Amino acid sequence: MEPDALSRRDFMRLASLTGVIVAADLPSLAAEPGAKWKGAVIGHTGQGDYGHGLEGIFSNRPNVEVVALTDPDSEGRAKIAANIGAPRSYADYREMLEKERPNLVSIAMRQSDQHHAIALAALRAGAHIYCEKPFVTAPNESDELLAEAKKHELKIAVAHTMRMMPVIVRLKQAIAEGLIGDIVEVRSFGKQDARAGGEDMMVLGSHLFDLLRVFLGDPFWCTARVLWQGRDIAPADSRIVRDNVGYVAGDEVFAQFAFPKGVTATFASAANLRETVGNWGIEFFASKGEARINCDIAPNVFLRRSTGWKYEGKTDAWEPLDVPLVKSPPPHNLGPVGDCLDAIAKHREPECSGRNGAWAVEMVMGVYHAALSGRRVSFPLSVRSHALR
């Protein structure tokens with residue numbers, strides 16, 4: 001999601017409404033009444049900066065005290081520390097972890113090449129983690145982090161926040177209630193801007209892959225074609241982009257995933273499709289109609305009922321998902337960060353879990369493995385290292 005889609009004031013308002021910044025009715029996380037957990041934020045101005053509001057996720061919470069900020073950039077460090085009211089700040093996250101011993105750490109920078117090392121150090125220091133997406137750069141990195149979290153009985157959450165947006169939850173309920181019938185096929189499209197291809201797939205496609213699993217379950221296998229300037233990619237085409245999310249390749253991606261119940265889902269990212277496709281998102285083709293998720297900081301959902309072909313063509317129209325169409329009552333929504341804190345208190349997995357974040361990265365790597373081999377690749381991947389290294 002793009003930082004300039006809303007003003008900062010509007011974003012903070014939206015974030016508070018969806019639980020990203022404030023959740024008023026969380027149970028106490030501390031062992032003793034009145035005690036507070038210690039929260040710390042790790043970012044890197046100029047090298048991924050801070051994801052959407054991730055510097056402020058522990059602010060304005062009665063049971064969390066923000067104790068420190070880490071940022072190697074002195075100017076950025078001073079600015080963000082003042083913004084979030086952090087009493088102490090550090091240039092090195094290792095020094096901060098050793099001195100402050102926080103219970104909660106926000107790994108806030110967008111450049112996921114830094115996430116693995118920082119998360120591993122935070123877990124070993126005894127902190128639960130809320131991490132910007134993409135979670136890591138390759139499956140072997142997520143394997144190590146998930147194992148470390150399990151070893152220390154700590155929680156990891158990854159900021160694939162779209163799965164918890166109320167409109168997405170309502171759509172899932174509506175589909176489960178049979179509003180559009182049985183899902184047969186799903187098509188997803190990246191933002192297809194200047195990052196079209198591999199960068200788009202990792203940065204924004206990871207959101208879409210996470211949503212595909214929300215609605216369809218875990219994929220069985222993947223086939224793919226990834227192109228660079230009109231030809232199939234080779235390992236030598238790998239590159240590092242400005243917001244370092246690990247190696248990426250290709251300026252066009254076309255992938256197909258097999259899901260349970262015979263459902264096939266595709267993903268495409270190609271700049272010459274942007275005008276035709278419009279908003280990046282997901283389209284569901286079902287036996288009684290269609291649904292469309294248009295992604296943004298606040299996603300929108302639309303429905304279309306088929307009227308059949310006529311002599312003059314089709315006149316089907318997209319209409320916003322009407323709340324009364326959902327029969328079951330909406331679940332109580334704490335928002336992604338609130339849910340993470342609640343999961344820690346109740347010893348359960350967060351909805352935006354590390355496992356879910358790891359799956360999004362694994363699906364990206366599956367696309368590359370399939371494209372480079374020219375073969376269908378099964379999940380879980382047998383090769384856990386980065387496909388392009």
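Predicted model: local features only at pLDDT ≥ 70, side-chain atom pairs only at ≥ 80, totals over all residues.
Colleague: Which residue has a positive phi although it is not a glycine?

Modeller: That residue is Glu-153, whose phi is about 55°, and its place is in the loop between H5 and strand S6 (156-158).

Colleague: How should I read the packing of H5 and H11, and at what angle do they pack?

Modeller: Axes are lines fitted to C-alpha atoms, for helices over the stretch in contact, and angles between N-to-C directions run from 0 to 180 degrees. Helix H5 (residues 139-152) packs against helix H11 (residues 354-373) at about 165°, with the axes 9 Å apart. The two are therefore roughly antiparallel to each other (under 35 degrees counts as roughly parallel, over 145 as roughly antiparallel, 65 to 115 as roughly perpendicular, the rest as oblique). H5 passes H11 in a left-handed crossing (the near helix is turned anticlockwise from the far one by less than a right angle; clockwise is right-handed). In contact terms (heavy atoms within 4.5 Å), Pro-139, Ser-142 and Leu-146 of H5 meet residues of H11 including Gly-354, Arg-355 and Met-365. The residues of this contact divide into 5 nonpolar, 2 polar and 2 charged (Ala, Val, Leu, Ile, Met, Phe, Trp, Tyr, Cys and Pro count as nonpolar, Asp, Glu, Lys and Arg as charged, and the others, Gly among them, as polar).

Colleague: At what angle do the axes of H8 and H11 cross?

Modeller: They cross at roughly 115° and come within 9 Å, so H8 and H11 are roughly perpendicular to each other. The crossing is right-handed. Among the residues that meet are Phe-209, Asp-210 and Arg-213 in H8 and Trp-359, Ala-360 and Met-363 in H11. By class, this contact has 6 nonpolar, 2 polar and 3 charged residues.

Colleague: Which residues of H6 meet H8?

Modeller: Ile-168, Leu-171, Lys-172 and Ile-175 in H6 meet Leu-211, Val-214 and Phe-215 in H8. The classes of this contact are 6 nonpolar, no polar and 1 charged. The axes of H6 and H8 lie 10 Å apart at an angle of about 35°, and H6 passes H8 in a right-handed crossing.

Colleague: Finally, what volume has the second largest pocket?

Modeller: Rolling a probe the size of a water molecule over the atoms shows where empty space is left. On a 1 Å grid over the protein atoms alone, a 1.4 Å probe fits but cannot get out of a cavity, whereas a pocket is an open set of points with protein on both sides within 12 Å along at least five of seven lines, and lining residues have an atom within 4 Å of a point. Points are joined across faces, edges and corners, and a volume is the space filled by probe spheres set on them. Here the second largest pocket has about 330 Å³. Of its 13 lining residues, Ile-175, Ile-183, Phe-215, Leu-216 and Lys-261 lie nearest the centre. H6 (166-176) and H8 (205-216) each supply at least two residues of the lining, which comprises 8 nonpolar, 2 polar and 3 charged residues.

Terms used
Residues numbered from 1 in each chain as written. Heavy atoms only, no water. Helix = DSSP H or I, 4+ residues; strand = E, 2+ residues; numbered from the N terminus.
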